[in-house]
Amino acid sequence: MAAPATGTEDDARGETGRLAEEIEDEVPEELRDREWGLVLKALHEVPGEIEQLVEEHRRPDGEETEESSARQ
């Protein structure tokens, strides 16, 4: 399933609740810590993605950032 392009805080809370229910109902107890570890790993990536989105928003169209020119 693809991630939505936009969402609200309520959407995020709902998805977190849905994941919690799914883990509780469907994941064997001995695997739950690992499953929650996957969730935490994904959440740790979010601040970097937010920072990138904000930087792209601040940059005037067509202007390269230091990071994008360093990748070339």
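Does I50 count as buried, partly exposed or exposed, and at what relative accessibility? In this predicted model, I50 counts as partly exposed because its relative accessibility is 48%, and its place is in helix 2. The protein chain that holds this residue contains 3 helices and 0 strands, which follow the pattern α-α-α when read along the sequence.

**Confidence and overall surface**

- The mean pLDDT of the protein chain is 85, and 78% of its residues reach 70 or more.
- Among the elements of the chain, helix 1 (residues 9-26) has the highest mean pLDDT, at 96, whereas helix 3 (residues 66-71) has the lowest, at 54.
- Of the 72 residues of the protein chain, 7% count as buried, and the accessible surface comes to about 6,800 Å², of which 51% belongs to carbon and sulfur atoms.

**Helix 2**

- Helix 2 covers residues 32-58, and because its 27 residues should span 39 Å at 1.5 Å a residue, the 40 Å between its end C-alpha atoms agrees with that expectation.

**Salt bridges**

- The count of salt bridges comes to 5, and one of them joins the side chains of E9 and R13, with an N to O distance of 2.5 Å.
- E9 and R13 are separated by about one helical turn, because they stand 4 residues apart in helix 1; E9 is exposed, with a relative accessible area of 54%, and R13 is likewise exposed, with a value of 55%.
- The side chains of R18 and E22 meet in another salt bridge, at 2.7 Å from N to O, and these two residues also lie in helix 1, 4 residues or about one turn of the helix apart.
- R18 is partly exposed, with a relative accessible area of 36%, and E22 is partly exposed as well, at 34%.
- R18 and E22 are linked with E15 in a network of salt bridges.
- E24 forms a salt bridge with R32, the closest N and O atoms being 3.7 Å apart, and E24 itself is partly exposed, with a relative accessible area of 47%.

Key:
Residues numbered from 1 in each chain as written. Predicted model: local features only at pLDDT ≥ 70, side-chain atom pairs only at ≥ 80, totals over all residues. Heavy atoms only, no water. Expected span 1.5 Å × (residues − 1). Buried < 20%, exposed > 50% of the residue type's maximum accessible area, 1.4 Å probe, protein only. Areas by Shrake-Rupley, 256 points an atom, 1.4 Å probe, with all protein chains shown as cover. pLDDT = per-residue confidence, 0-100. Salt bridge = Lys/Arg side-chain N within 4 Å of Asp/Glu carboxyl O.
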